[in-house]
Amino acid sequence: MTTNVSITWDAAGARRAERQFLAGPAGTGVPLAEVAGAMLGVHAQVLSAAELSLGMRTDGVTRADVRSALWGDRSLVKTYGPRGTVHLLPAGELPLFAAALTAVPAGPSPFPPDVRLTEEQAAQVVTAIGEALDGRFLTLDELSEEVVARTGPWAGARVMPAFQDLWPRWRQVMHRAGWAGTLCFGPDRGRKATYTRPATGNRKVGDGDGDALSVFVRRYLRAYGPATPAHFARWLAAPPGWATALFGELAAAGRIEEVRFEGTPAWVVAGDTDFPDGPARGVRLLPYFDAYVIAGQPRERLFPGAAYRRALAGGQAGNYPVLLVDGVVAGVWHQRRRGRRTTVTVEPLAPLTARQERELGEQVERVGEVLEATAELVVGEVTVGPHA
């Protein structure tokens, strides 16, 4: 296929920022679930980072509002999302995520044969988790007892290496229970997490416009395109060959179309070829594993020059909170909280203009508002390591 549409990095970055609520925050009254949906999930291994990801994209929202959406009106669900990592997802879109994520081929198991679960055993565990959590909130230990009781002692054998410990065998497919819609997180019970079964959403899986994978790819391209199958596979931790074949099928069906992105072939949703004329503008602070930096490709353009060395850990994005200047990573930052105050240390990789310094001050103030603390800005070296 020959295309006459050519898209620059600046134009792509500007559109991504607009669609990620980074060019301007979502206004008062925009549901947090809508913002999370636009991001295709909010990384939430560390809940405070997820609270910042949402809060920095919305007017007036604090961490209390995020927790209310999770545990109050339940418009957000904390569960396993892309890459098998914990995310905040829109509750109404759980059927879409479940159908799409369970359709992704599983890669080879990292465990030795005597540790792995067979596919039959994995299916038994996922079913047992759903039965155990139906209408209940269980801690991990309580859930483990229920799973073993419903399956067999093989599920509870402590053979799974994890964090210098051995976990019960069944836990290696815990993320698959999240994908299947049979498990999500509940409110903490003291210092312990709890798990429950999410309520069934009312949204149609394909939204009347194709199957789940078709919808999911197009949602990804609207948020993060132009992108290649390799970019999509990396974001989803999926087999590259499978992603290439999937993109080929969608192109043949007229669902997506090829463009030239900085001179190389890439893909957008069919007809979705309008892009801003100029680059993204402004200063933004993004927390650990923010969706914009995890999904943004090509990575060397998002992390130009010194940022590639300073703000990535072994080539992996997300291990450092980042300073964005005009849509690209231009520094790192870290916040240290003491009671009702937090010190935000920002390390720019190049001098900031007076306007950018002023915007940085506003961003630091906003960090404090989201975290319900008084924030103080310190410009200087960030001395902690990645994911500190």
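What volume does the second largest cavity have? About 50 Å³. I will come back to what lines that cavity. One caution before the rest: this is a predicted model, and everything I say today is computed from it.

Let me start with the chain as a whole. Its secondary structure comes to 16 helices and 16 strands. The radius of gyration is 21 Å, close to the 21 Å that the globule rule gives for 388 residues, so the chain is as compact as a globular protein of that length. Taken along the principal axes, the C-alpha atoms fill a box of roughly 65 × 60 × 40 Å. Of the 388 residues, 54% count as buried.

Helix α3, residues 47-55, is mostly covered, with eight of its nine residues buried. The buried ones are L47, A49, A50, E51, L52, S53, L54 and G55. Note that E51 is on that list.

Next, the open spaces, beginning with the largest pocket. It holds about 1,300 Å³ of space. There are 40 residues in its lining, and the closest to the pocket centre are G84, R171, Q172, V173 and H175. Which elements give two or more residues to that lining? They are strand β3 (76-80), helices α5 (94-102), α6 (119-133) and α9 (174-179), and strand β9 (192-196). Helix α9 gives the most, with four residues. By class, the pocket lining divides into 27 nonpolar, seven polar and six charged residues.

The structure holds five cavities of 30 Å³ or more. The largest cavity has about 80 Å³ of space. Its lining is made of A17, L22, A23, A280, R281, G282, R284, Y292, L324 and G327. In that set, six residues are nonpolar, two are polar and two are charged.

Back to the cavity I opened with. The residues around the second largest cavity are M39, L40, G41, H43, R83, H87, W235, F289, D290, A291 and I294. Six of these are nonpolar, three polar and two charged.

L40 lies in the loop between α2 (32-38) and β2 (42-43). Is L40 buried or exposed? It is buried, with a relative accessible area of 2%.

On to the sheet. Five strands form an open sheet in the order β12-β13-β14-β15-β16, and the pairing is mixed. Strands β12 (283-286) and β16 (374-379) stand at the edges with a single partner strand each, so one side of each has no neighbour in the sheet. From one strand to the next, the twist averages 30°. As a reminder, strands of a sheet pair through backbone hydrogen bonds, either parallel or antiparallel.

The pair I would look at in the viewer is β13 with β14. Strand β13 covers residues 322-325 and strand β14 covers residues 328-338, and the two pair in the antiparallel sense over four bridges.

The loop between β13 and β14 contains D326. D326 has a positive phi of about 55°, although it is not a glycine. The largest cavity also touches this part of the chain, with L324 and G327 among its lining residues.

P298 sits in the loop between α13 (291-295) and α14 (299-302).

Find the largest pocket, where α9 gives the most to the lining.

Notes: Residues are numbered from 1 along each chain as its sequence is written. This is a predicted model: local features need pLDDT of at least 70, side-chain atom pairs count only at pLDDT 80 or more; totals for chains, interfaces and linings use all residues. Side-chain values use heavy atoms; hydrogens and water are left out. Two strands pair if DSSP finds at least two bridges between them. Axes are lines fitted to C-alpha atoms, for helices over the stretch in contact, and angles run from 0 to 180 degrees between N-to-C directions. On a 1 Å grid over the protein atoms alone, a cavity is a set of points where a 1.4 Å probe fits but cannot get out, and a pocket is an open set with protein on both sides within 12 Å along at least five of seven lines; lining residues have an atom within 4 Å of a point. Grid points are joined across faces, edges and corners, and a volume is the space filled by probe spheres set on the points. Ala, Val, Leu, Ile, Met, Phe, Trp, Tyr, Cys and Pro count as nonpolar, Asp, Glu, Lys and Arg as charged, and the others, Gly among them, as polar. Buried means under 20% relative accessible area, exposed over 50%, partly exposed in between (1.4 Å probe, protein chains only). The radius of gyration is taken over C-alpha atoms; the globule rule is 2.2 Å times the number of residues to the power 0.38.
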